[in-house]
Amino acid sequence: MLGLTLSLVFGRESYSSFFAVVIYVGYLINSGSFGVFYTVSNGPNVNGALTSHLVGLNAGMAGSAVMLLAGFYVLRGSIERDDRHGHLPVVTSSQTSKPVYLLGKLLSNTAVGVLTAAVLAGAAVVNHSIYGVGATDPIAISWPVFVMVVPLTVFVGAVAMLFGTINLLAGTLGRIAYFFGAIFLLSAQSARPETAVPAAVPTTVKALDIVGLTLAYDLTFESIQAAVPGFESSFANFGTGGSNAQTFRYEGGPWPAWFFAQRLGTVAVGLAVTLVAALPFNWFRTTGGVVEKVRRRLPLDETPPETATQTASNPQTPTDTADPAVSPSPVGDDVTIPPVTRRGAGGFRRVLTMELRRLLRGQPRWWYLGAGLLAVVPAGIALTGGGTEGAARGLLSLVAVWPLFVWSQIGSQTARHGIRPQVLTSDYPVGQLVGEWIAGCLITIVVGAGAFAIAVATGGPTALIGVTGLVIFPPSLALAAGLWTGSPRLFEALYLGLWYIGPLNGGFVADFAGVTARGTSLGVPIVFAAVGVGLVVVAAQTRRVYTNLG
Amino acid sequence: MSSRHSGAHMRLEIESLGKQYSEGLWGVRDITLRLGAGVHGLVGPNGAGKSTLMRMLTTVTPPTEGAIYWDGTRVSESPGVVRSLLGYLPQDFDTYPTLTLEEYLEYVAALRGLDSETASARIEALLDLVNLTDVRDRRLDTFSGGMRQRAGIAQALLNDPELLVVDEPTVGLDPEERVRMRNALADTADDRVVIFSTHVVADIEATADTVTVLEDGQLLTHAPTESLIKSVDGDVYECRVSQSTLEQLGQEFPICNTVQRADGVDVRLVAEDPPTTDAEQVTASLEDAYLQTVTHAN
């Protein structure tokens with residue numbers, strides 16, 4: 001059983017991509033590009049010599065960060081796959097209880113964590129032997145990775161399952177909600193006073209040390225004191241901000257008991273979340289149960305769960321005989337079907353219109369309401385001469401995320417819903433792709449019209465640079481990522497990360513929407529727009545190659 | 001663009017067609033067929049290569065070797081020629097769940113290059129044909145398997161296809177609906193090539209002008225339905241035997257059907273001579289001919 005689960009888990013293409021990213025992270029850590037560093041007053045940043053012990057710690061932190069931010073998008077969908085492939089009724093018939101089934105799923109998710117840790121540790125050991133300082137100690141490098149990553153996988157995998165069992169969270173909204181939840185967890189570390197020495201760090205901060213920042217501070221504190229005279233306290237940072245001007249050397253030591261307790265607690269929370277997921281879980285629709293009953297009474301969402309693919313084996317699939325709308329009387333014997341006298345008369349405009357309609361169908365009501373307000377209210381403000389640059393920035397940030405529900409439908413849905421044969425054999429195998437991209441751009445223009453008007457009114461014509469990036473880049477990324485993976489998950493994970501760094505937090509390098517003055521002046525949105533157009537061209541070429549039989 | 005002279009009534013020509021999936025693994029190999037207007041049944045056991053052949057005919061997947069010609073035009077060089085007049089119901093047919101039936105058909109009509117006027121008129125009529133007019137405004141994720149299959153048949157007929165390829169069109173339909181659908185497909189076959197794949201040989205017998213039998217990716221036979229049935233005429237027997245005799249007969253002859261009775265088993269089989277003294281000769285069916293063909297090949 002475990003062997004079968006492992007083969008199912010490890011045989012998936014999305015996991016291969018995930019592990020490729022993990023291997024690259026292993027390289028970054030060992031080449032000194034990425035790792036733990038400290039900022040100190042009156043001096044350059046301090047980073048650590050790449051000893052085996054520090055590389056192990058760095059690898060554990062990097063693995064934890066990747067698992068927290070990207071693991072959810074990789075691990076979710078295991079129940080959906082069982083549902084789509086008709087396995088759920090089979091499992092039901094074996095009288096497996098819901099908690100046991102979900103715990104089994106959690107086990108397979110945990111197996112992904114074990115393999116992630118193994119891949120990362122292996123990459124770290126190999127790279128340390130090339131770039132590292134001192135002797136390469138495989139044990140010192142590997143065990144921190146397993147201790148840090150595997151328990152976190154239990155938690156992330158459990159949350160992914162819980163979201164998959166609740167209708168409201170099973171789709172794009174859940175993916176956005178998780179992203180913000182993960183960011184919130186990470187930001188909890190900033191609650192520590194900067195002047196606190198390791199022993200004085202509050203327990204709550206330690207309990208929420210998901211990535212290991214406080215652990216790193218605790219472990220390396222004395223090494224930094226030895227390397228930097230006068231060092232009293234600092235935040236541990238994890239990223240690319242190190243400097244070789246001041247270097248500490250961490251040679252290992254006993255890990256604090258609180259961290260092991262924290263990881264055990266993470267596992268316990270994961271198990272508890274799994275058991276909670278059994279409440280809304282429904283064998284025949286992976287969404288529903290208690291939450292569904294409550295939700296039906298509230299006008300929150302009329303979107304059917306994307307996990308609720310109905311199959312012939314699904315007992316809840318409606319039947320012809322049970323359907324009062326279907327007349328049992330024979331119809332069709334005397335039907336005259338008008339002939340088609342003009343083939344190829346519809347034109348691309350009709351394809352575009354249909355793609356627009358398809359993308360706009362099936363969103364929750366509150367999304368339409370929000371999109372309408374976002375389009376109309378700022379437009380009114382702009383027309384009356386109101387609005388400030390600050391308001392424009394806030395609105396652009398919002399416009400850069402609100403249509404995510406629509407963009408997620410681009411690129412992947414023909415494969416996801418089995419429409420590919422109809423599209424590939426149609427008059428517009430490439431036109432369909434271009435049509436959904438243009439439709440995505442048009443919807444962005446409509447939703448963002450008000451924000452764009454204020455941005456131009458307050459920032460002048462240069463604001464159009466940001467508008468260009470915001471209109472073109474997201475649908476393009478969605479199209480390419482969706483086409484190549486057959487799923488919206490890669491797009492959502494990449495896009496939310498970019499949006500968080502750029503439009504939301506003002507990181508000009510990722511500011512594809514022209515929210516920051518620096519990003520706009522450097523033409524960053526134009527670069528993103530150009531990349532977007534390039535992605536569309538490559539995606540169209542991919543479809544063209546696929547449909548070219550020569 | 002290469003083309004070839006086509007026979008007067010042979011619109012679809014398949015020349016030595018093969019599809020290789022990996023080293024040593026062929027989906028189909030060396031298939032040569034010439035098909036004119038009419039219904040052409042495609043039968044064979046699971047994994048025989050029926051769907052692979054259909055995917056190549058519909059330009060979904062390119063052949064590894066050989067060629068397909070439509071009215072003399074090589075399809076691999078001009079796939080658009082076939083796509084513009086193709087109707088296709090794939091085996092794993094599915095739909096966008098959030099669209100209503102009518103919206104979905106309008107979507108397919110746009111992809112098939114129909115103008116809105118023609119699309120509306122044909123959707124109206126096809127909804128009648130497949131008996132789904134009353135549910136045209138319902139979302140497709142509320143449809144049963146049978147209703148979805150009928151929606152699939154409607155979308156395949158939307159553009160008045162000259163080449164209609166339907167892979168297991170009667171799967172999921174109740175018996176009454178199955179008969180209605182196969183008759184509807186047969187009725188639409190005037191002046192067009194209809195390729196109809198199914199496991200239900202009776203559906204082929206009722207509708208098809210010719211039958212193509214595939215096994216293990218190889219073409220076993222391609223013949224007019226009547227002539228294939230005639231090939232076993234006089235060789236089909238029914239008799240009542242004991243369970244142990246049935247096992248013996250099964251080792252010698254293709255068993256077409258068995259029915260358990262209180263005093264034995266009624267068995268229908270294909271044999272050159274009466275298998276038992278009380279065996280009665282009965283009228284042959286396509287299923288008898290099909291089983292005989294497949295058994296002989298093995």
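How many residues of chain A are in contact with how many residues of chain B? In this predicted model, 54 residues of chain A contact 65 residues of chain B, contact meaning heavy atoms within 4.5 Å.

**View 1. The area buried between chain A and chain B.** About 5,000 Å² is buried between the two chains, 54% of it on carbon and sulfur atoms. Buried area is the accessible area (1.4 Å probe) that two parts lose on being put together, summed over both.

**View 2. Salt bridges and the chain A side.** Four salt bridges are counted between chain A and chain B, each a side-chain nitrogen of Lys or Arg within 4 Å of a carboxyl oxygen of Asp or Glu. In one salt bridge, A:Arg343 is joined to B:Glu162, with 4.0 Å between the closest N and O atoms. On the side of chain A that touches chain B, the elements giving two or more residues are helices H13 (348-360), H17 (413-416), H18 (420-424) and H23 (524-547) of chain A. Of these, H13(A) gives the largest share, six residues. Helices (H or I, at least four residues) and strands (E, at least two) are DSSP runs, numbered from the N terminus.

**View 3. Strand pairing within chain A.** Strand E1 (residues 35-38) runs antiparallel to strand E3 (residues 236-239) of chain A, joined by four bridges; strands pair if DSSP finds at least two bridges between them. A:Gly35 lies opposite A:Gly239 in E3(A). E1(A) also pairs with strand E2 (residues 46-48) of chain A, in the antiparallel sense over two bridges, and A:Phe37 has A:Asn47 in E2(A) as its bridge partner.

Residues are numbered from 1 along each chain as its sequence is written, and chains are lettered from A and ligands numbered from 1 in the order in which they are written. Local features need pLDDT of at least 70, side-chain atom pairs count only at pLDDT 80 or more, and totals for chains, interfaces and linings use all residues, while side-chain values use heavy atoms, with hydrogens and water left out.
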